[in-house]
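Open the model in your viewer and keep the selection panel at hand.

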Amino acid sequence: MPAISPQDGPVAVTGCSGFTGGHMVRELVIHGYDVRACIRDASSWRGRDCVDYLGRLPRVEIVDGCDLFTPGSYDDAFRGCAGVFHVAAVLGNSADGKSQPLGSGEVSQDVYDGGMVGTQNVIDAINLSGSVRRMVYTSSMAAVSGARGATVAKGYEWTETDWASDGVDPERWGGPRNAYARSKVDTEHRINSAADESGGKWDAITMNPAMICGPILFKAQVGQWIEQIGRLAGGLAPSWPSRYDMYYNIIDVRDLVKAHRLAAESSVDHRATHGGARYIMHGTGGRSAIRFGTELAGIIHEYFPSFTLGEPATVTSQGDPIVVQSNTTNDCKKAKDVLGATIRPVEDTIRAVVETSVELGIIDPKVEQDA
């Protein structure tokens with residue numbers, strides 16, 4: 001199998017102004033790689049923040065103008081590379097017609113196209129390079145479980161053989177609410193087909209993370225789950241995807257990017273493993289889900305007992321009590337067994353989110369006053 005190492009030449013990372021992308025670059029340079037960091041717009045506030053951070057790391061070349069919606073925009077970045085870590089994605093909170101100026105502005109369509117159209121542009125650049133031997137793709141647990149989580153039996157354990165589209169009504173699956181999961185499922189299949197079509201020139205490995213959390217490297221990385229943990233620590237109620245209490249399925253970004261690197265460096269025949277060349281990264285230190293308003297708040301209180309914490313709503317807008325339950329479990333078993341991935345305790349993850357949120361001035365905690 002075409003495993004890669006720092007001695008094989010540079011590697012490229014897409015989506016470097018994002019949370020996982022920035023951490024991916026850091027992980028790779030720490031382990032001796034020369035990295036080409038692909039950024040869509042280095043002049044935007046996100047781009048400037050990212051460049052300021054990445055510019056302080058050794059062996060990093062910033063490649064500006066890499067846009068998922070622009071054919072050929074990754075060609076120069078991938079030329080001469082041994083591997084590509086395709087982390088970039090269009091998320092629902094960024095597909096607003098402003099953050100993605102070349103998109104349609106219609107959220108579900110841009111989310112889907114960011115996966116399918118964008119990844120095809122990445123594939124085309126890999127094929128053109130003639131040098132890339134391996135792609136590691138950041139998919140999502142959304143491609144494994146999707147909307148099926150509420151329908152499976154209590155205690156069900158997801159494995160790499162599960163697909164979010166399994167047994168789902170086609171009309172429902174094609175609806176806008178499933179745009180992200182559908183994008184990830186279809187993109188995974190497209191990448192695997194493209195690797196097969198390359199005739200052995202390159203192969204592909206997929207990582208399927210749950211909600212990605214951990215320390216913040218620069219302010220532009222704040223989004224979605226990170227923001228919600230910061231709001232809780234800062235005394236505010238959650239706001240996305242709702243203000244209600246819910247379970248969070250967390251994976252630490254440091255464990256995730258390490259698993260990406262281990263997968264790229266592994267000579268295992270990934271396609272021959274159970275479930276194929278994909279690895280679930282869901283479950284932190286043996287805990288599959290953390291309830292936001294109780295368990296997660298309790299972890300923050302343990303480490304930061306003087307903070308006044310935010311409180312999620314426990315009843316719906318109609319006044320009905322919220323029923324919070326987690327039916328499924330997982331503990332990254334395959335990634336641990338095959339790749340040697342390591343998973344840190346979730347308490348370490350949450351503490352790192354809060355500490356770096358304070359350090360970077362993202363939150364200003366409200367401190368309880370003595371009576």
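**Stop one: a residue in helix 4**

Select Asn121, which lies in helix 4, residues 107-129. This is a predicted model. Is Asn121 buried or exposed? Asn121 has a relative accessible area of 8%. The cut-off for buried is under 20%, so Asn121 counts as buried.

Now show what surrounds the side chain. Set aside the neighbours within four places in sequence. Asn121 is then in contact with Leu68, Phe69, Thr70 and Pro71.

**Stop two: helix 2**

Next, select residues 45-54, which form helix 2. Colour Gly47, Asp49, Cys50, Tyr53 and Leu54: these residues are buried. Turn the view to look down the axis of helix 2. The buried residues fall within an arc of 165°, so they line one face of the helix.

**Stop three: helix 9 and helix 11**

Select helix 9 (residues 292-303) together with helix 11 (residues 346-359). Their axes come within 10 Å and cross at roughly 70°. Angles of 65 to 115 degrees count as roughly perpendicular, and helix 9 and helix 11 are therefore roughly perpendicular to each other. Their crossing is right-handed.

Show the side chains at the contact. Helix 9 contributes Leu296, Ile299, Ile300 and Tyr303. Helix 11 contributes Val346, Glu347, Ile350, Arg351 and Val354. Colour by class to finish: the contact of helix 9 with helix 11 has seven nonpolar, no polar and two charged residues.

Definitions and conventions. Residues are numbered from 1 along each chain as its sequence is written. This is a predicted model: local features need pLDDT of at least 70, side-chain atom pairs count only at pLDDT 80 or more; totals for chains, interfaces and linings use all residues. Side-chain values use heavy atoms; hydrogens and water are left out. Buried means under 20% relative accessible area, exposed over 50%, partly exposed in between (1.4 Å probe, protein chains only). Helices (H or I, at least four residues) and strands (E, at least two) are DSSP runs, numbered from the N terminus. The arc is that of the directions from the helix axis to the C-beta atoms. Contact means heavy atoms within 4.5 Å. Axes are lines fitted to C-alpha atoms, for helices over the stretch in contact, and angles run from 0 to 180 degrees between N-to-C directions. Angles under 35 degrees count as roughly parallel, over 145 as roughly antiparallel, 65 to 115 as roughly perpendicular and the rest as oblique. A crossing is left-handed if the near helix is turned anticlockwise from the far one by less than a right angle, and right-handed if clockwise. Ala, Val, Leu, Ile, Met, Phe, Trp, Tyr, Cys and Pro count as nonpolar, Asp, Glu, Lys and Arg as charged, and the others, Gly among them, as polar.
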